[in-house]
Amino acid sequence: MPKHIAIIPDGNRRWALARRLEKHEGYKYGIIPGLEVYDICVKAGIDEVTFFGFTQDNTKRPQVQRKAFVDACIKSVQEIAKRDAKILVVGNTDSDIFPEELLEYTKKTKVGEGKIKINFLINYGWNWDLKYAFDNPSDNKKLEENIASADIPRIDLLIRWGGRSRLSGMLPIQTVYSDIYVVDEMWPDFKPENLYNALEFYQDQDITLGG
């Protein structure tokens, strides 16, 4: 079983358009699937899950979409905070886009019994992440220990919904040797078998980490 899973919850806007909704309306339907992932991973004994919330590039979208995905991210973190987890939010807090409601989670925060580590990438950028290491150099640390997302460990399995086979800038250091599983369904159409199939896929992989 993978210790650490990453989730790219793509397809919210396409899902909305297919139902004759406005693009921004799709994001709110992506909250419940995240809670289902949480429940399944706790039961399966997964140690850690990282959710790709939104990137600095995503903030170039129209204001109505930007507000919708920021609100959905806030709600998602707040819902997980009602459960048992260790929550960490990683992203550029110097920007006005970063939601104030999530500042308290930029340091790992235990809620309930802290059964599982849950990370959220909020206003994240791969270049911001890596640049942090050069702006804050340390002679005693390797590059990967000094990036902004250094508290997030290597990702074993990355699962992307929405049918597209790309990383979209997600944690370039931690995903170097990740196995990638693509789900064709849009994220709001999440089904438990999507996750179970990904876990079965991982068990068939030859995990060598380049060796």
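**A walk through a predicted model**

The areas themselves come from the Shrake-Rupley method with a 1.4 Å probe, and for residues only the protein chains shown count as cover.

A quick word on the source. This is a predicted model, where local features need pLDDT of at least 70 and side-chain atom pairs count only at pLDDT 80 or more, while totals for chains, interfaces and linings use all residues. Residues are numbered from 1 along each chain as its sequence is written, and side-chain values use heavy atoms, leaving out hydrogens and water.

Back to our tyrosine. Tyrosine 29 sits in the loop between α1 (12–18) and α2 (31–44); helices (H or I, at least four residues) and strands (E, at least two) are DSSP runs, numbered from the N terminus. Which residues does tyrosine 29 touch, not counting residues up to four places away in sequence? They are Trp15, Leu21 and Pro188, where contact means heavy atoms within 4.5 Å. From tyrosine 29 to serine 165 is 136 residues in sequence and 22 Å in space, C-alpha to C-alpha.

Arginine 20 is exposed, at 82% relative accessible area, and has a positive phi of about 60° although it is not a glycine. Most residues other than glycine have a negative phi. Serine 168 has a positive phi too, about 55°, and is not a glycine either. You'll find serine 168 in the loop between β6 and β7 (179–183), and it counts as partly exposed at 38% relative accessibility.

Now for the inside. In soluble globular proteins, nonpolar side chains tend to be buried together. Here, the largest nonpolar core has 43 residues, and those with the most contacts inside it are Ile7, Val37, Val49, Ile118, Phe120 and Ile159. By nonpolar core I mean a set of buried Ala, Val, Leu, Ile, Met, Phe, Trp, Tyr and Cys residues joined through side-chain atoms within 4.5 Å. Which helix gives this core its largest share? It is α3 (residues 63–80), with 8 residues. A second, separate core of 13 residues includes Ala6, Ile8, Leu121 and Tyr124. Not counting residues up to four places away in sequence, phenylalanine 120 touches several residues, among them Phe51, Val77 and Leu88.

Is aspartate 156 buried or exposed? Aspartate 156 is buried, with a relative accessible area of 8%. Its place is the loop between α4 (126–135) and β6 (157–161). The side chain of aspartate 156 reaches two backbone nitrogens: that of lysine 3 at 2.9 Å, and that of histidine 4 at 2.9 Å.

Finally, the surface. Val176, Tyr177, Ile207 and Leu209 form a nonpolar patch there, with about 360 Å² of accessible area together. Isoleucine 207 lies in the segment after α5 (192–203) and is partly exposed, at 37%. Glutamate 104, in the loop between β3 (85–90) and β4 (109–111), counts as exposed at 54% relative accessibility.

Conventions
Patches are made of residues with over 30% relative accessible area and no salt bridge: like charges are joined within 9 Å, nonpolar side chains (Val, Leu, Ile, Met, Phe, Trp, Tyr) within 5 Å. A salt bridge is a side-chain nitrogen of Lys or Arg within 4 Å of a carboxyl oxygen of Asp or Glu. Buried means under 20% relative accessible area, exposed over 50%, partly exposed in between (1.4 Å probe, protein chains only). A polar contact is a pair of N or O atoms within 3.5 Å; within protein, one must be able to donate a hydrogen and the other to accept it, and residues adjacent in sequence count only if both atoms are side-chain atoms.
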